[in-house]
Amino acid sequence: MAHRDVTRPLKPRPEINFAIPSSVVSEAPGLREKTRKIGYIGRAAAIFRVTEVIVYRDDNPDNEYLVYLVLSYMEVPPYMKKALCPRSNLLKYVGLLPPLKTPHHVWPHVFNTKFREGVVKEARGSYSVIDVGLEKPAIVQQRLQIGSRVTVKLVRDEGRFYVADLASRDDVDLYWGYVVTRYSSMKSMIEDTRKRYDLVIGASKKGKLVNELEDELTKRFREISKVLVVFGGPRKDIDEIASSEGFNLSKYCDYILNFIPRQGTESVRTEEAIYAVMSILNYLREKATQQ
């Protein structure tokens, strides 16, 4: 078999994204610990090349908004946060968040890419000045909206600035961060995502053992483009959240799977489950691409 560079974070196929309840932060004692917990989730999203993190409300709107806000803040490149992220007391402890260091904003040589995320700082005549987080700005021969976020491709170095072309995320072959979507309930979330995702998996200790379906899942992963994993919260499993909203979740899920058989603790925290589940699914995705 030819050598494959598995260290390069290519755009994922299939995309494997996840949905989490707003109650994921409900047991954290204060804003500081809530922020720290959300930080673990944001890092998991980046590590496993998640393109959409979904937050569904299962307790109160304040928690839903906090999870949405902090995850969104994390995804924005550091040099763009001041321009793009609104001031909020809810972001008081973002200094505790671990940096994501994803391909769209680290030094270009790290992932060998000429694409960058940037924010428009000036627009003069027929060109715009873009802050791309490097030692000098990029110039694009288009007049763009000041303060807007853009993807560019660095074409050449002109000494005092880079000449760049406006690009689309579709042009980039690497993982390029995630978006955060939120819903007012699990039911509204699952009804909408069933229209957008090819496969929906519920993660629950009450489900079938994932190892029993390894070959089947690997085969499915070769045939589809988008997978969603639904997680429960600290007090209620996914079926219990659905039941409290008056519907049967199994009717919406293709699989309900146990990813941690014989768990050695009474319960597994949502942020812990995310790492366990996504590790296994990432393995299956890579296995699918090799066959």
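**Reading a helix pair**

A: Helix α6 (residues 214–223) and helix α8 (residues 270–290) pack at an angle of about 65 degrees, their axes lying 8 Å apart. Helices (H or I, at least four residues) and strands (E, at least two) are DSSP runs, numbered from the N terminus. This is a predicted model, in which local features need pLDDT of at least 70 and side-chain atom pairs count only at pLDDT 80 or more, while totals for chains, interfaces and linings use all residues. Residues are numbered from 1 along each chain as its sequence is written, and side-chain values use heavy atoms, with hydrogens and water left out.

Q: Which values describe two packed helices?

A: Two packed helices are described by the angle between their axes and the distance between the axes. The axes are lines fitted to C-alpha atoms, for helices over the stretch in contact, and angles run from 0 to 180 degrees between N-to-C directions.

Q: Which residues of α6 and α8 make the contact?

A: With contact meaning heavy atoms within 4.5 Å, α6 contributes Glu214, Asp215, Leu217, Thr218, Phe221 and Arg222, and α8 contributes Leu281, Tyr283, Leu284, Arg285, Lys287 and Ala288.

Q: Which residues of α6 are buried?

A: Buried means under 20% relative accessible area (1.4 Å probe, protein chains only), and in α6 this holds for Leu217, Thr218 and Phe221. They cover an arc of only 100 degrees around the axis, so they lie on the same side of α6; the arc is that of the directions from the helix axis to the C-beta atoms. Their cover includes β1 (15–21), β9 (199–209), β10 (226–230), β11 (255–258) and α8.

Conventions: Buried means under 20% relative accessible area, exposed over 50%, partly exposed in between (1.4 Å probe, protein chains only).
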